[in-house]
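User: I have a chain open here and want to go through it piece by piece. Can you take my questions as they come?

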Amino acid sequence: MDKKPLMMLLMSLAGLFSISLFFVPADQIGLIFAINLAIGFVLGPKSPLAFSMYADTADYNEWRTGRRATAMTFSAATFSQKLGGAIASAVIGWLLALIGYVANAEQSAGSQMGILLMVSVIPGLVALLAAFVMRFYHLDEKQLLTIQQELDQRKTAPVANAAAVGVSE
């Protein structure tokens, strides 16, 4: 399966499974565990798949510009992940304050509903948004094969390649 549709499928399933948690009665512990297990299974391949796609974009960048920028691609991806984690942590804190969460106390019905939304619907919607955003990723296996072949050809003809991309010897 191509990377783009696979990532879209995985994120869509994660989103749907997460949202389904909202509708499971609290006393259905086995079903809650089963859905969480399913979410874990569909999210498991997401990270290696994403890093594979980062490598593809580095190849694409080299193909388009003639310069290899793998380290920049991966450092930007890592920075984005860390920034996203920091922002997500802040948003979680703000949401907990907004719903009236009080640490070490019995929670009100409103804060319980807010917590339920924060562990089901909200992450589900974010996952569905991620699946939608993947529509804008245009590197498919056919294009990547062409890119790899052209990059390999450039490596076997370095002088011709330098002239083609405007690099002086």
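**Working through the chain**

Analyst: Gln107 is placed in the loop between α4 and α5. Keep in mind that this is a predicted model.

User: Is Gln107 buried or exposed?

Analyst: Gln107 is buried, because its relative accessible area is 16% and the cut-off for buried is under 20%.

User: What does Gln107 touch, leaving out residues up to four places away in sequence?

Analyst: Gln107 touches Gly100, Tyr101, Val102 and Gln112 on that count.

User: Which other residue in the loop between α4 and α5 is worth a look?

Analyst: Asn104 is found in that loop too. Asn104 has a positive phi of about 55° although it is not a glycine. Most residues other than glycine have a negative phi.

User: And is Asn104 buried or exposed?

Analyst: Asn104 counts as exposed, because its relative accessibility is 84% and the cut-off for exposed is over 50%.

User: Moving on to helix α5. Where does it run, and is Ser111 in it buried or exposed?

Analyst: Helix α5 covers residues 109-119, and Ser111 is part of it. Ser111 counts as buried, at 0% relative accessibility.

User: What is Ser111 in contact with, beyond its neighbours within four places in sequence?

Analyst: Ser111 is in contact with Ile99, Gly100 and Tyr101. Gly100 and Tyr101 are also touched by Gln107.

User: What about Leu116?

Analyst: Leu116 is placed in helix α5 as well. With a relative accessible area of 29%, Leu116 is partly exposed. Setting aside its neighbours within four places in sequence, Leu116 is in contact with Leu21, Phe22 and Val121.

User: How far is Leu116 from Gly15, going by C-alpha atoms?

Analyst: The C-alpha atoms of Leu116 and Gly15 are separated by 15 Å, and the two residues are 101 residues apart along the chain.

User: Stepping back. How many helices and strands are there in the protein chain?

Analyst: The protein chain has eight helices and zero strands. Along the sequence the pattern reads α-α-α-α-α-α-α-α.

User: How does the radius of gyration of the protein chain stand against a compact globule of 169 residues?

Analyst: The protein chain has a radius of gyration of 22 Å, whereas a compact globule of 169 residues would have one near 15 Å. Taken along the principal axes, the C-alpha atoms fill a box of roughly 70 × 30 × 20 Å.

User: How much of the protein chain counts as buried?

Analyst: Of the 169 residues, 22% count as buried. The protein chain exposes about 11000 Å², and carbon and sulfur atoms supply 69% of that area.

User: Among contacts between residues at least 6 apart in sequence, what share joins residues at least 24 apart?

Analyst: The share is 65%.

User: Charges next. How many positive and negative ones, and how far apart are their mean positions?

Analyst: The protein chain has 11 positive and 11 negative charges, with mean positions 5 Å apart.

User: Where is Glu62, and what does it touch?

Analyst: Glu62 is found in helix α3. Not counting residues up to four places away in sequence, Glu62 touches Arg67, Arg68, Leu151, Arg154 and Lys155. Glu62 counts as buried, at 13% relative accessibility.

User: Now the rings. How many aromatic pairs does a search of the whole structure find?

Analyst: The search finds six aromatic pairs. One of them is Phe51 with Phe74: their ring centres are 6.0 Å apart and their planes are at 20°, so the pair is stacked. This pair links distant parts of the chain, with Phe51 in helix α3 (residues 46-65) and Phe74 in helix α4 (residues 70-98), 23 residues apart.

User: How exposed are Phe51 and Phe74?

Analyst: Phe51 is partly exposed, with a relative accessible area of 32%. Phe74 is partly exposed, with 23%.

User: And what kind of pair do Phe132 and Phe136 form?

Analyst: Phe132 and Phe136 have ring centres 5.9 Å apart and planes at 85°, so the pair is edge-to-face. Phe132 counts as partly exposed at 40% relative accessibility, while Phe136 counts as exposed at 55%.

User: Last one. Which residues do ring pairs link into a cluster?

Analyst: Ring pairs link Phe51, Tyr54 and Phe74 into a cluster.

How values were computed. Residues are numbered from 1 along each chain as its sequence is written. This is a predicted model: local features need pLDDT of at least 70, side-chain atom pairs count only at pLDDT 80 or more; totals for chains, interfaces and linings use all residues. Side-chain values use heavy atoms; hydrogens and water are left out. Helices (H or I, at least four residues) and strands (E, at least two) are DSSP runs, numbered from the N terminus. The radius of gyration is taken over C-alpha atoms; the globule rule is 2.2 Å times the number of residues to the power 0.38. Buried means under 20% relative accessible area, exposed over 50%, partly exposed in between (1.4 Å probe, protein chains only). Contact means heavy atoms within 4.5 Å. Accessible areas come from the Shrake-Rupley method with a 1.4 Å probe; for residues, only the protein chains shown count as cover. Lys and Arg count as positive and Asp and Glu as negative; His and the chain ends are not counted. The place of a charge is taken as NZ of Lys, CZ of Arg, CG of Asp or CD of Glu. Rings of Phe, Tyr and Trp (its six-membered ring) pair if their centres lie within 6.5 Å; planes under 30 degrees apart count as stacked, over 60 as edge-to-face and the rest as tilted.
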